[in-house]
Amino acid sequence: MRESKMSEIFDCVPEIDYGSGYRYFLGNVQNYSQALLSILKSIKSKQSIMNMMLQTGEYAGLRSIAQTLQKMFGNIGAFGLAEASYQLERSLLNDEIIRKPELFTDYLESLIIFSDHLELLFKNMNLKNRNDLEEEDSSYFNYDFTKTKDSIKRSSDLLERKIL
């Protein structure tokens, strides 16, 4: 039931296959949403670099950016963007990007649209602040130390028996 509700929320991002990404993160929605947030931040930080590459015609480092984004998109289930990243890398290696800069501009436009969809998704998900999540998930504060004390007692008994 929860998975169907989450897939409805993910309808605002048509580029993502929610089921595939959800399975990749082993059904952990929190990890999946953190991965999506990191991809959004990565795209936003790389957009200015990629715009400068387009303006200057210097594509040094574009291959590593395309490979990184391809892997990230594949992990979350955005297979169309992963394929577009691969095509961009291939065109860079074949020097097609110099003759056809519209390949790069189309890729940048698809990244901008995808980042807008991700921002809309995060507004719909109503995620808590990261600090709140860290406090809730912190195993130190929620840990039951009685089990640890019992295991220490058992192990000390075993050590005494072994020594004697």
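Which residue just after α4 takes a positive phi? In this predicted model, Gly 77 does so, with a phi of about 100°. Residues are numbered from 1 along each chain as its sequence is written, and side-chain values use heavy atoms, with hydrogens and water left out. Because the model is predicted, local features need pLDDT of at least 70 and side-chain atom pairs count only at pLDDT 80 or more, while totals for chains, interfaces and linings use all residues.

Helix α4 covers residues 62-76. Helices here are DSSP runs of H or I with at least four residues, numbered from the N terminus (strands are runs of E with at least two). The expected span of a helix is 1.5 Å times one less than its number of residues. For the 15 residues of α4 this gives 21 Å, and the end C-alpha atoms are 21 Å apart, so the two values agree. The buried residues of α4 are Leu 62, Ile 65, Ala 66, Leu 69, Met 72, Phe 73, Asn 75 and Ile 76. Buried means under 20% relative accessible area, exposed means over 50%, and partly exposed lies in between (1.4 Å probe, protein chains only). These buried residues pack against α2, α3, α5 (79-93), α6 (96-99) and α7 (102-125).

Met 53 is found in α3 and counts as buried because its relative accessibility is 7%. Not counting residues up to four places away in sequence, Met 53 touches Glu 58, Tyr 59, Ala 60, Gly 61, Leu 62, Ile 65 and Phe 104. Met 53 and Phe 104 are 51 residues apart along the chain, yet their C-alpha atoms are separated by 9.6 Å. Gln 47 is also found in α3, and with a relative accessible area of 14% it is buried. Leaving aside neighbours within four places in sequence, Gln 47 is in contact with Leu 111, Ile 112 and Ser 115.

A search of the whole structure finds six aromatic pairs. Rings of Phe, Tyr and Trp (its six-membered ring) pair if their centres lie within 6.5 Å; planes under 30 degrees apart count as stacked, over 60 as edge-to-face and the rest as tilted. Tyr 18 and Tyr 32 form a tilted pair, 5.9 Å centre to centre with 55° between the planes. This pair links distant parts of the chain, 14 residues apart: Tyr 18 lies in helix α2 (residues 18-24) and Tyr 32 in helix α3 (residues 29-56). Tyr 18 counts as buried at 6% relative accessibility, and Tyr 32 counts as buried at 1%. Ring pairs link Tyr 18, Tyr 22, Tyr 24, Phe 25 and Tyr 32 into a cluster.

Notes
Contact means heavy atoms within 4.5 Å.
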